[in-house]
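Please study the structure before reading each solution.

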Amino acid sequence: MTLKELSDRLKKLKSAAIFCHMRPDGDTLGSAMGLKYLLESVGAKCRVVCESTVPEKFLFLQGMDTISDVPMGDEEAYIAIDSSEIHRLGMLAETFEKAKKIKFNIDHHISNSRFGDVVYVEDRAATCEIVTELSKYFPEPLTPLAANYLLLGLSSDTGNFAHKNVTPNTFLAAAKLTACGADIYTIQYNMFKKQSAARALLFGRTMSGIRYFLDGKFAVICVTQQQLNDCNATADVTEGFIDFPLSVDGVEVAACLLETGNERYKISLRSKGLADVNAIASVYGGGGHILASGCMLNGAMEEVIDKLRFTVSQYIEK
């Protein structure tokens with residue numbers, strides 16, 4: 001399917017619910033809100049839904065507080081955006097899967113399982129980059145707010161345009177959004193500079209405990225529920241933590257273990273290029289991109305670290 005063909009299908013819709021993935025990041029929220037604007041610009045009624053509460057850090061953009069936790073149910077179509085697997089929709093996965101609707105799947109993850117009736121998956125820096133290009137097939141120009149939504153995801157999924165997933169097309173998309181009125185300073189400040197005292201405290205304590213394996217090539221940080229409680233912090237403030245251990249000289253792969261329940265960990269993986277972390281994550285049922293992926297693992301913390309250490313060793317040596 002081409003992007004033009006996708007736009008033709010979308011423009012025929014009279015109503016839609018757009019599904020963000022659980023524990024939402026800037027890309028799923030930005031692409032969902034950006035797509036909502038495009039569909040509403042051609043007369044469709046839209047609602048953006050997410051099983052998780054939108055983290056406070058994203059509420060600086062008008063409209064983010066309108067995201068609901070359930071669809072109305074009478075929408076013509078359901079659209080999953082920036083979700084590589086249907087289970088990434090969390091508690092809304094069953095709602096999406098069992099609904100007798102036209103189901104769209106729009107994503108940029110190479111590990112996407114191609115669920116849904118209408119599938120558009122392209123390896124881009126961010127799903128917001130896809131939606132930005134999609135906008136050229138809609139009659140109305142992007143408003144400054146819609147452009148801000150899309151620049152939010154573009155910026156956050158590229159580490160403020162610092163990651164290896166950035167291409168010339170990424171910068172072209174950013175230039176287009178800026179021309180439409182997007183405010184890069186406000187987005188950059190809120191996403192990469194502004195932080196609470198609780199996050200600063202948690203960051204310091206977490207980074208003081210970096211552990212190194214495989215002759216310094218593999219770095220691991222851990223964030224436990226106890227640490228979150230001690231710092232009066234919530235799990236969403238850990239976004240971006242993984243970038244620090246990866247920046248250490250000699251480290252090729254970094255992992256962040258975030259405790260989400262009793263002996264249950266959300267694993268974020270990053271690579272400088274020597275190892276394919278999408279392949280590593282897929283060993284445990286996860287996925288994402290070659291340089292940035294994730295998965296879930298159960299077990300005692302040391303057991304989880306040992307599993308990751310062994311798996312990473314297999315891919316770094318190849």
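**Exercise 1.** With which residue does R124 form a salt bridge, and how far apart are the closest N and O atoms?

*Solution.* The model is predicted: local features need pLDDT of at least 70, side-chain atom pairs count only at pLDDT 80 or more, and totals for chains, interfaces and linings use all residues. Residues are numbered from 1 along each chain as its sequence is written, and side-chain values use heavy atoms, with hydrogens and water left out.

Step 1. Apply the criterion: a salt bridge is a side-chain nitrogen of Lys or Arg within 4 Å of a carboxyl oxygen of Asp or Glu.

Step 2. The partner of R124 is E133, with the closest N and O atoms 2.5 Å apart.

Step 3. E133 also forms a salt bridge with K136, at 3.7 Å. Both pairs belong to a network that links E122, R124, E129, E133 and K136.

**Exercise 2.** Determine whether R124 is buried or exposed.

*Solution.* Buried means under 20% relative accessible area, exposed over 50%, and partly exposed in between (1.4 Å probe, protein chains only). R124 has 11% relative accessibility and therefore counts as buried. E133, at 26%, is partly exposed.

**Exercise 3.** What is the order of the strands in the open sheet?

*Solution.* Step 1. Strands (E, at least two residues) are DSSP runs, numbered from the N terminus; two of them pair if DSSP finds at least two bridges between them.

Step 1. The five strands follow the order β2-β1-β3-β4-β5, with parallel pairing. The edge strands, β2 (45-49) and β5 (118-121), each pair on one side only.

Technical notes
Helices (H or I, at least four residues) and strands (E, at least two) are DSSP runs, numbered from the N terminus.
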